[in-house]
Amino acid sequence: METGNVKKDISLVRKRLVQKEEKSESKALWGMTVLCFASMTSMCVLFLKAFSVKAGWILYPGILFYCILFTGYYEKRAWKKYRIAILLGMLFVVCVLLVFTQRSFLDSMECIWNHMARQINQTYQGSLSETSGGQGTGSYFLMVILFWLTWFLAKGIIDRQDRGYFLMIAIPVVFLVLLSGGKISKPAMFVLVLCFLCNISMSSVRKKEKLWGGEESEEFRKNQKTGQSILKWIVINCVTTGALLLGISFYGGQKIITVPLMKLTEVSAPVKGKGMQVLYDVLPKISRGKLNLSLEGVGGGVSDGKLGDIEGSSYDGIEEVKITSSVKPSEILYLKGFIGSDYTKDSWKPGDENKFEDAALNWETQGNDASLYIQNLPFLRMMYAQNILKESGTELNENQDAVQAELAVERLNANTRYTYVPYQGYLNDYYRINGGDGAVEGQTAQDDNYAWYPQSQYTNVMEEWNRQEESHGALDELEVSYGVYVKNHYKNVPKDMKKLKKLCHIKKKEWNKKIQDDMTEDQVKDLEQEKITDVKKFVVRTLWERCRFTETEKKLPEGEDYVEYFLFHEKKGDSTAFASAAAMMFRECGIPARYVVGYAAPANLFTETSDGKYMAVLQDDNAHAWAEIYVSGIGWTPVETTPGFSGTVENMQMDENVKDAQIKNEKKKSETSVKKLRNGTKKVFDKVEVWMYTRFVAIGIIAVLILALVWIRRCIVRAKRRGKLGKQNDNEKIKKIFISFYELLKADGFPKEIDTMEDGFVEELSVRYKGVTKESWKEVMQIVLEANYGYMILGELQTQTVLCAYESMVKEIVAKMPVGRKMVCIFWRAF
């Protein structure tokens, strides 16, 4: 009988058929090696993908070598007495390599650290420092680390078969990958989960071995054989079921199921928010201030002008900014953070500070810093205009009689790179402006108080002021000069954005005809105001009709232009997409525009405090992006283009026409919804039908090829077992047939204690198998002995006698086998 851990073969020794041991120690040897290799490779791929680490080709053959080495170390019984020597030898080799290749090892380690720091800084706006080295790949460092990890994992999988070892490596790796915010390899994650299921199965069977009795007992051997069979089928079922579920999930479910799990999101959002709040509090402390986290980019999808680099849902519940106002806002209050001036395919960049400074040399800034003076220009003009208008006796209506308000902004957990300031706010001298007229540089801690004017009141006053040209002074002249700079630098659109240019071509051509060179300055100003209103309607209507809002944004495919991909392919996105597209459309239509990231505080978010002020705490879902356009005589004005957000008073007035268009559009949609649903459903099922047909054809072809190969192999093995393969005499044929005969007896559980040369062997055969008589068995055994030890060359008659007995045995034994074993014996072992 075959033991669980020793594979044996058949040979003739001193006229007796006996079994001999081979070098291989276990049937599960290569299975364990594959499991160990798949586990380490999947974890390695997850790490490399998440942190964008480049590794050489040597990494994966190295992992395979480690797995084979440690599989043999723990599984080969012949190595058991040499384990200490092997252990010391491996440690010596590793230490010697590290001593002679210190520079390469350190350089590789720096490379890994730089990639990790870069990814974490990008995701959380952290400040982890990178080293100056690390220019190569991380292969060498990973090879050293994987040596120890593979050793540890092999002990758990092969030696102990304990899932605890697996989890001690896998959990930190998966946690680090998920925390990185980088790309996650779904196939690698699937393989890792599959390996874990296989590990659980092995561990479960291993634990039960303790109850099986001593290793020398018959009961232990029977239980071990049964356990290995169960374990084999568990592993096969895990792999088959997992592969089937993966195929359905990735290739079937995504094409048919499109129902959002809103209820699940509502339940998970508070839990997720609490977890991220803990990270906010804990990680900066344990990193000693080096990792000041900001989830603005991950949560709101808007950070530092990067576009399409985030995939997944937003985080909810993180408190980021606290605002306290002396007056109750009546509209959205925008706090500017990042300001993008120059657009590339996948990002917005700050403005050119050198160009701004060159232009500012010709401006009258009264000796003040030009950047701060331009930043404060709306506030100063508003204060000056209001005073002059009141002194001149001009009657101001309710919307024009603005009162200077106070606004306190405290940064809680927001991005530390920026100071968040309101429109028309006044900044003191200690602030620094990036890009000349862009974002306000961040501070260690922000708890600032600003004097400011609400947007709608400021706009109303400045429109009245612009009609009083005789009262204009130096501040208004500076505004005109800055307006010239803005028109020269904030109307650029990349030449390769041909689809967007075509989209805006008619509107652009329409206004180019209306505004002629021979018009007076007053006529041009009147038309410019009309143009801004008309283009606003066009931009908002176009975006709302073409695209829809979603909180979860997909990553931008490589090589695609972010704005054009959003407008013409994806047609859904968050505020980042709508703001970027709006800014480029405004520019193409001839209106200066920029992209702004910050926070949007709706009026209904403010609550009155005990001291009569109004406070709002902005969470990460208040992180927002919008476009701002430059209006001559007024300055930079926010324009809300994201569906579902209320804009300024000017925007809300403009929205009436947009709403009319939307109502008509909704009616049209409702009238054709059933038809579209039917057509859409038909198209989906047509696509699914074609997809399934092609897949089934491919699977069918592969299945036929596999079956053909199995059948060819069966024919070859079957002919070999019957002595029909190759040129050989009848003696050699009889030997081959009898070896196959004995293997068949082993497969049927024939007792190995009965020697083939004893009389009891023939007696046992005649009792067990009724298809051949006792006399026929005696004749067969005599022919076998003659074939092995006789001097005569036997003939075809003797060969047919042995073959007939063998064929009869095959039919009788296979007939009483279970279906599974029967298929194996017929098609794989080919008896």
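Author: A salt bridge is a side-chain nitrogen of Lys or Arg within 4 Å of a carboxyl oxygen of Asp or Glu. Side chains of opposite charge can pair when their charged atoms come close. The model here is predicted, and 17 salt bridges are found in it.

Take Glu743 and Arg721 to begin with. Their side chains form a salt bridge, with 2.8 Å from N to O. This pair links distant parts of the chain, since Glu743 belongs to helix H20 (residues 730-747) and Arg721 to helix H19 (residues 649-721), 22 residues apart. Both Glu743 and Arg721 are buried.

Next come Asp534 and Lys507. A salt bridge joins their side chains, again described by an N to O distance, here 2.8 Å. Distant parts of the chain are linked by this pair too: Asp534 sits in helix H16 (residues 521-546), Lys507 sits in helix H15 (residues 498-514), and 27 residues separate them. Is Lys507 buried or exposed? Lys507 has a relative accessibility of 13%, so it counts as buried, the limit for that word being under 20%. Asp534 has a relative accessible area of 22% and is therefore partly exposed.

Glu464, at 13% relative accessibility, is counted as buried, whereas Arg467 has a relative accessible area of 56% and is exposed.

Now for the nonpolar side chains. The largest nonpolar core has 102 residues, and the members that touch the most others are Leu335, Tyr482, Leu543, Val563 and Phe586. Helix H12 (residues 370-391) supplies the largest share of this core, with ten residues.

What does Phe586 touch, leaving aside residues up to four places away in sequence? Its contacts are Val535, Lys536, Val539, Ile591, Ala593, Ile629 and Val639. Val535, one of these contacts, lies within the residue range of helix H16, 521-546, the helix that also holds Asp534.

Conventions
Residues numbered from 1 in each chain as written. Predicted model: local features only at pLDDT ≥ 70, side-chain atom pairs only at ≥ 80, totals over all residues. Heavy atoms only, no water. Buried < 20%, exposed > 50% of the residue type's maximum accessible area, 1.4 Å probe, protein only. Helix = DSSP H or I, 4+ residues; strand = E, 2+ residues; numbered from the N terminus. Core = buried A, V, L, I, M, F, W, Y, C linked by side-chain atoms within 4.5 Å. Contact = heavy atoms within 4.5 Å.
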